[in-house]
Amino acid sequence: MSRPIARVLALLEILQSGGIQTVAHLADRLDVDERTVRRYVGHLLDLDVPVESVRGRHGGYRLGSGYRMPPLMLSDDEALAVLLGLIAGRRAGLMPAAGTASGTASETASETAAAKIRRVLPDRLAGRLDAVLGSLAFTSPPGGSAAAPETGVLLSIADAVRHHRPILIRYAGADGRRSERTLHPYGLVAHSGRWYVRGVDPAIGEDRTFRLDRITSARVLPGAFERPAGIDPAEDVLTGLATAPYRHEVTLRVRGRAEEIRARLPAGIAIVEETTPESGADTEPDTGTDEVADADADADADADAGRWSRVEIRAERLDWLPAVLASLDLPFVIERPGELRDLVEAFASRLVESARRTAPRV
């Protein structure tokens, strides 16, 4: 690469750092005169890189927006950060799909972007990336239950959410039936490898949640709607998932505070409500000033010991619950179903049997 071309690329890298760069500053960074800086800017403009000239006392050059992305100049740390983000996002199912001309999603946009960056990485950086990837573990296999939406659908809905515009969506339900409906979208939510849109269906006046990977097309409509105050799309989606109809409805009483139970049973799995402590449990004792701190601590411990929370879980299968309940390390009472009690007893018996088992002789 000739020195002038290298300096033009160096100029692009400086401009990509953001802000207005004065001609004097650029000349000093590139070790050239100001006239040469202007010539280099002309080279970038010839390449359709959107360099803007800012006049005035503090004027200079800055990078503007164009009809396409210019070549990106990334530092070592930036390149690794982008690649790791793309890989992690793809494994989590949070990257939009790049559809083909026929509309089918043959590969994700993250895969093509990661491949382009990976292809031009210097060997020393590629080695560092391989070392990081070799040490990573993911909670789900690649392409497991993740379902990425198409880019056009995702961007259209995001635009409608931002500007409070209605959208017309074509939706394929879980049973394969297709429908067309208007939605006033409140927000987008990414959860467990899937994207959801939460909003109200004005035709029936009810809040609805739709999976983006089942939306085949989305078109922003004219007009606007007023977003209700106090809306929390993420909380609504998690509550909806936890209360969706499933084969089993589980009700438990767990002794402990709601926040510590939610650490093991998050909102997407269970609804946890802390019940009111028994009367007098939080009453402060009448003691001397030197004993107040110890008495308060004892009162808090007594209150926690008598504090129970109600837990509701809906699940297709029950076989995973005994291990989760054991991991709570808190006393619990199973209200329903009776089948869960049998599974917990069997799980406890297997643990006792394993604890008493001795290692076989080699």
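**Exercise 1. In what order do the five strands of the open sheet stand, and is the pairing parallel or antiparallel?**

Solution. This is a predicted model.
- Step 1. Read across the open sheet: the order is 8-7-6-5-9. The pairing is antiparallel.
- Step 2. Look at the edges. Strand 8 (206-211) and strand 9 (215-220) stand there, each with a single partner strand, so one side of each has no neighbour in the sheet.
- Step 3. From one strand to the next, it averages 45°.

**Exercise 2. Describe the hairpin of strand 1 and strand 2.**

Solution. 
- Step 1. Count the bridges. Strand 1 (residues 51-54) and strand 2 (residues 60-63) run antiparallel and are joined by four.
- Step 2. Name a pair. Val-54 has Gly-60 in strand 2 as its bridge partner.
- Step 3. Inspect the link. Five residues lie between the strands, and Gly-56 takes a positive phi near 115°.

**Exercise 3. Work out which residues and elements build the largest nonpolar core.**

Solution. 
- Step 1. Start with the members. The core has 19 residues; Leu-252, Leu-265, Val-311, Ile-313 and Leu-340 touch the most other members.
- Step 2. List the elements that give two or more residues. They are strand 10 (248-255), helix 9 (258-262), strand 11 (270-274), strand 12 (308-315), helix 11 (321-328) and helix 12 (338-356).
- Step 3. Find the top contributor. Helix 11 gives the most, with four residues.
- Step 4. Follow one member. Beyond its neighbours within four places in sequence, Leu-252 has contacts that include Ser-309, Val-311, Leu-325, Val-333 and Leu-340.
- Step 5. Look elsewhere. Another core lies apart from this one, with 17 residues, among them Val-8, Leu-26, Val-37 and Tyr-40.

**Exercise 4. Where does pLDDT stay under 50?**

Solution. 
- Step 1. Begin with the whole protein. Its mean pLDDT is 79, and 78% of its residues reach 70 or more.
- Step 2. Go to residues 100-106. There pLDDT stays under 50, and the model has eight contacts beyond four places in sequence.
- Step 3. Go on to residues 279-301. The pLDDT is below 50 here too, and this stretch has eleven contacts in the model beyond near neighbours in sequence.

Definitions and conventions. Residues numbered from 1 in each chain as written. Predicted model: local features only at pLDDT ≥ 70, side-chain atom pairs only at ≥ 80, totals over all residues. Heavy atoms only, no water. Pairing = 2+ DSSP bridges. Axes fitted to C-alpha atoms, helices over the stretch in contact; angles between N-to-C directions. pLDDT = per-residue confidence, 0-100. Contact = heavy atoms within 4.5 Å. Core = buried A, V, L, I, M, F, W, Y, C linked by side-chain atoms within 4.5 Å. Buried < 20%, exposed > 50% of the residue type's maximum accessible area, 1.4 Å probe, protein only.
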